[in-house]
Structure formats: structure tokens, C-alpha cells
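Please look through the structure shown below, and then follow the explanation from one residue to its surroundings.

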Amino acid sequence: MGVKKAKKKCCKDKPRCKSCPVVLKRLSDAGFATRINLTTYEFPEKPPKKAVSEARSR
């Protein structure tokens with residue numbers, strides 16, 4: 001899929017936005033992304049909708 005850069009700070013929305021650092025960290029921990037550096041993540045393929053939904057929940 002490509003590379004995605006996280007925002008600097010979480011905006012505390014419900015649900016969290018897709019570029020929130022917390023969401024990207026959760027997707028990385030679930031094995032759908034690899035962390036390149038502190039704010040950049042690489043996605044080899046598009047993560048499943050259910051996984052993204054769970055990562056965005058509060």
C-alpha cells in the first residue's frame with residue numbers, strides 16, 4: 001500500500017482519525033504495518049477494515 005506518516009499529536013476524536021499515532025501503533029502491533037522511524041509506518045498491503053475499526057476505537 002505504501003508509507004503513512006503519523007500526526008504529531010492525537011486530536012482525541014471519537015473514533016480516532018486514521019493518521020493518529022495511536023492508530024498506526026496499534027496496527028503495527030497487530031502486524032499490519034512496520035515502523036520505519038518514530039512517526040512513519042510502512043504498509044505492505046491494505047489492512048482489513050475490521051482491524052482498522054478496532055484500532056480507531058476508544
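**A buried arginine and its surroundings**

In this predicted model, R16 is buried (under 20% relative accessible area, with a 1.4 Å probe and protein chains only) and yet has no salt bridge, the nearest side chain of opposite charge being that of D13, 9.7 Å away. A salt bridge here is a side-chain nitrogen of Lys or Arg within 4 Å of a carboxyl oxygen of Asp or Glu, and for charge Lys and Arg count as positive, Asp and Glu as negative, while His and the chain ends are not counted. Local features need pLDDT of at least 70 and side-chain atom pairs count only at pLDDT 80 or more, whereas totals for chains, interfaces and linings use all residues. Residues are numbered from 1 along each chain as its sequence is written, and side-chain values use heavy atoms, with hydrogens and water left out.

R16 lies in the loop between strand 1 (2-5) and helix 1 (21-29), where helices (H or I, at least four residues) and strands (E, at least two) are DSSP runs numbered from the N terminus. Leaving aside neighbours within four places in sequence, R16 is in contact (heavy atoms within 4.5 Å) with residues including C10, V22, V23 and R26.

The structure holds zero disulfides, a disulfide being a pair of cysteine sulfur atoms within 2.5 Å. C10 is in none, and the nearest cysteine sulfur, that of C20, is 3.5 Å away.

In helix 1, V23, L24 and L27 are buried. They cover an arc of only 95° around the axis, so they are on the same side of helix 1; the arc is that of the directions from the helix axis to the C-beta atoms. The buried residues of helix 1 pack against strand 1, strand 3 (40-43) and helix 2 (49-56).

Methods: Buried means under 20% relative accessible area, exposed over 50%, partly exposed in between (1.4 Å probe, protein chains only).
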